[in-house]
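Morning, everyone. Please look at the screen while I talk you through this one.

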Amino acid sequence: MKVAYIFSTSNTHYILSNMIIPQLESGTHGFEVCGMFFFLDNTFMLVEGNDVGERLSRIAAETGMLLMGCDKCVIDRRIQDCLVESATIGCFPDLHKALAGAGIDQVITL
């Protein structure tokens, strides 16, 4: 099953660092993750030097997974120039366009 994650809650860091990322790194997640979209303060995880962002960037480079931060959220936090290598910024139309051909079966919001 192909999925995309949208991270909007304060639990995102815990869920990513303790559950999803270890499963992706070990190949046991069970879903093909085509993209991840980050809102509000969760965009800080995409900053260079953040362990979660660096690990996701490596996974994205290996798998082609999309990493995108909400453009307004990133710009409001003034972090647009220091995101991890694989991360992009955009809004929902950009997310839809980027994932249009991926065959997403489900979008999961956490």
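I'll take the sheet, then the helices across it, then the salt bridges, then one cysteine.

A word on the source. This is a predicted model, where local features need pLDDT of at least 70, side-chain atom pairs count only at pLDDT 80 or more, and totals for chains, interfaces and linings use all residues. Residues are numbered from 1 along each chain as its sequence is written, and side-chain values use heavy atoms, with hydrogens and water left out.

Start with the sheet. What is the order of the strands in the open sheet? It runs β4-β3-β2-β1-β5, five strands with parallel pairing. Helices (H or I, at least four residues) and strands (E, at least two) are DSSP runs, numbered from the N terminus. Two strands pair if DSSP finds at least two bridges between them. In general, strands of a sheet pair through backbone hydrogen bonds, either parallel or antiparallel.

Which strands sit at the edges? They are β4 (87-90) and β5 (106-109), and each pairs on one side only. Neighbouring strands are turned by 25° against each other on average, direction ignored. For such angles, axes are lines fitted to C-alpha atoms, for helices over the stretch in contact, and the angles run from 0 to 180 degrees between N-to-C directions.

β1 (residues 2-7) and β2 (residues 32-38) are parallel, with six bridges between them. Phe-7 has Phe-38 of β2 as its bridge partner.

Next, the helices. Helix α1 (residues 12-26) lies across β1 and β2, at about 160° to β2. Helix α4 (residues 92-99) lies across β1, β2, β3 (66-70) and β4, at about 170° to β3.

On to charge. Side chains of opposite charge can pair when their charged atoms come close. A salt bridge here is a side-chain nitrogen of Lys or Arg within 4 Å of a carboxyl oxygen of Asp or Glu. How many salt bridges are there? Four, by this rule.

Take Arg-77. Its salt bridge is with Asp-41, and the closest N and O atoms are 2.8 Å apart. Arg-77 lies in the loop between α3 (71-76) and β4, and Asp-41 in the loop between β2 and α2 (51-63), so this pair ties together parts 36 residues apart in sequence. Arg-77 is partly exposed, at 23% relative accessible area. The cut-offs: buried is under 20% relative accessible area, exposed is over 50%, and partly exposed is in between (1.4 Å probe, protein chains only).

Then Arg-55 and Asp-51. They meet in a salt bridge of 3.4 Å, N to O. Both are in helix α2, four residues apart, or about one helical turn. Is Arg-55 buried or exposed? It is buried, at 14%. Asp-51 is partly exposed, at 46%. Glu-25 joins Asp-51 and Arg-55 in a network of salt bridges.

Helix α3 has a pair too. Lys-72 and Asp-76 lie four residues apart there, about one turn of the helix. Their salt bridge is 3.1 Å, N to O. Lys-72 is exposed, at 52%, and Asp-76 is partly exposed, at 47%.

Last stop: Cys-82. It is in the loop between α3 and β4. At 26% relative accessibility, Cys-82 is partly exposed. What does Cys-82 contact, leaving aside neighbours within four places in sequence? Leu-46, Val-47 and Glu-48. Contact means heavy atoms within 4.5 Å. Cys-82 and Leu-46 are 36 residues apart along the chain, and their C-alpha atoms are separated by 8.4 Å.
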